[in-house]
Amino acid sequence: MKHFREIGAYFLMLGQVFRRPTKGSVLRELIFKEVEELILNSLGIVVFISFFVGGVVSIQTALNIDSPLIPDLLVGFATRQSVILEFAPTFISIVMAGKIGSFITSSIGSMRVTEQIDALEVMGINSLNYLVFPKIIALLFYPFVIGIAMFLGIFGGWVATVYGGFSSSAAFIEGIQSKFIPFHLVYAFIKSFVFAFILATVPSFKGYYMTGGALEVGKASTTAFVWTSVIIILANYVITILLLS
Amino acid sequence: MIRVKHLHKQFGETSILKDISTDFQQGKTNLIIGGSGSGKTVFLKCLLGLYSPDGGQIYYADRLLSDMDNNARKQLRQKIGMVFQGGALFDSMTVEENVMFPLRMFTDMSHQEMLHQVNEVLSRVNLNEANKKFPSEISGGMQKRVAIARAIVNNPRYLFCDEPNSGLDPKTAMVIDNLIMEITQEYNMTTIINTHDMNSVMEIGQNIVFLEHGCVAWEGDSTTIFNAEKQEVLDFVYSSNLFKKIRDIQRQK
């Protein structure tokens, strides 16, 4: 019953987020600030993880090919498919649920605990629009992060394959180009937009409606990470059935 | 002026406010006092519109709060300044940005005009050299003064303060009290202060409402509170050892 109530409260919150907009000049500044905090400050970890996980995917693939009947280009092909279809959009989003999600929950939760949200409301400001809407807009740039993750994942695979001596550069590149279906990219970016919306709103919900003190802010951040990850995984399943099956 | 008639508020089965009726006068410091759990904070939040009452009426200058639509409420809230217990300053903003915030949100002033206004109110609260500091870099007393500056920067008609002295040393608390009283008279505002500090009661209690178990148990001012007939009020007043000793000395004389 509690979960149904929370789902209802979440959708009611979304309704409030898009009502009574904040003044344009202030909103513009908030969006730039959120782009910096949520997108630009996340690039370092995305670059690091993408490069090395891409490398590991290609090494694992190469090491598991025993049969001489399987061509070397399979390493590039498998790396591309893994990175574009799942690793970049889904795996990175789970990592971002930890990084961005806990940041959003703890920052909004701290504002709740220290009455800063009450201060906004008393001034006649729609605090949900002020706090959550700029995050949703900023995370429209999230597919850009996923694009970087795709590129670096495949690049990491190429570096690991070629410099690890598992296959030639030509075979890897031929594998990347082999049987490429452009719709897979569309599917990955559609997923990224959905995950971006989840990343912006679920942690905001957990932070905005938390009660208690500093300890509860920590608990809310953990809960936000768990729920954001669960919802991303479920959404991934539904989108995959709808778009690929 | 704010008029409250038969206000009732309950959470679940528990009644927090029971049939509260009182007037808060313009140009005066109106104090809501009472022990912990007497309903002071809930009363203040009802007055601010943060809680919806379950019964009764609240009038802001003869306009019924519950009859106001969203636009009217928004306009009313722009006429309200609030000083929160902990200051509630935005910690990602400097002192200057905090005070400028209401102006940026609700006026079309240029940056220079806003800066001029901000400097004026900051000097009014005797805070001239902290513009570029963040709230975490200034003392508790300074934070309270910034919160007061933010509350009055938009020339509000109503000023609400929730325990403005909590966590402050007695000397700083007195400075804040006097500042609030001076500002109230200067701007002719209706000021409502939620407190359980007897020093504040003595210093700025021009109109006092004493709450007990969610009811108005007594009303008066700082000169009449020591002769109140209600035992609950006297218990509250003389819960301070200092006041108890003064009373004993006076009795001995």
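**Exercises on salt bridges and burial**

A search of the whole structure, a predicted model, finds 10 salt bridges over all chains.

**Exercise 1.** Find which parts of chain B the salt bridge between R3(B) and D23(B) ties together.

Solution.
- Step 1: the closest N and O atoms of R3(B) and D23(B) are 2.9 Å apart, and a salt bridge requires a distance within 4 Å.
- Step 2: R3(B) belongs to strand 1 (residues 2-11) and D23(B) to strand 2 (residues 14-24), so the bridge ties together parts that lie 20 residues apart in sequence.
- Step 3: R3(B) is partly exposed at 34% relative accessibility, and D23(B) is partly exposed at 24%.

**Exercise 2.** Decide whether K132(B) is buried or exposed, and do likewise for its salt-bridge partner E96(B).

Solution.
- Step 1: the side chains of K132(B) and E96(B) meet in a salt bridge of 2.9 Å, N to O.
- Step 2: K132(B) sits in the loop between helix 4 (111-124) and helix 5 (140-152), while E96(B) is in helix 3, 36 residues apart.
- Step 3: buried means under 20% relative accessible area, and exposed means over 50%.
- Step 4: K132(B), at 61%, is therefore exposed, whereas E96(B), at 9%, is buried.

**Exercise 3.** Locate T94(B) and list residues it touches, not counting those up to four places away in sequence.

Solution.
- Step 1: T94(B) lies in the loop between strand 6 (80-83) and helix 3 (95-106) of chain B.
- Step 2: its relative accessibility is 10%, so T94(B) counts as buried.
- Step 3: with that exclusion in sequence, T94(B) touches N131(B), K132(B), K133(B) and F134(B).

Key: Residues are numbered from 1 along each chain as its sequence is written. Chains are lettered from A and ligands numbered from 1 in the order in which they are written. This is a predicted model: local features need pLDDT of at least 70, side-chain atom pairs count only at pLDDT 80 or more; totals for chains, interfaces and linings use all residues. Side-chain values use heavy atoms; hydrogens and water are left out. Helices (H or I, at least four residues) and strands (E, at least two) are DSSP runs, numbered from the N terminus. Buried means under 20% relative accessible area, exposed over 50%, partly exposed in between (1.4 Å probe, protein chains only). Contact means heavy atoms within 4.5 Å.
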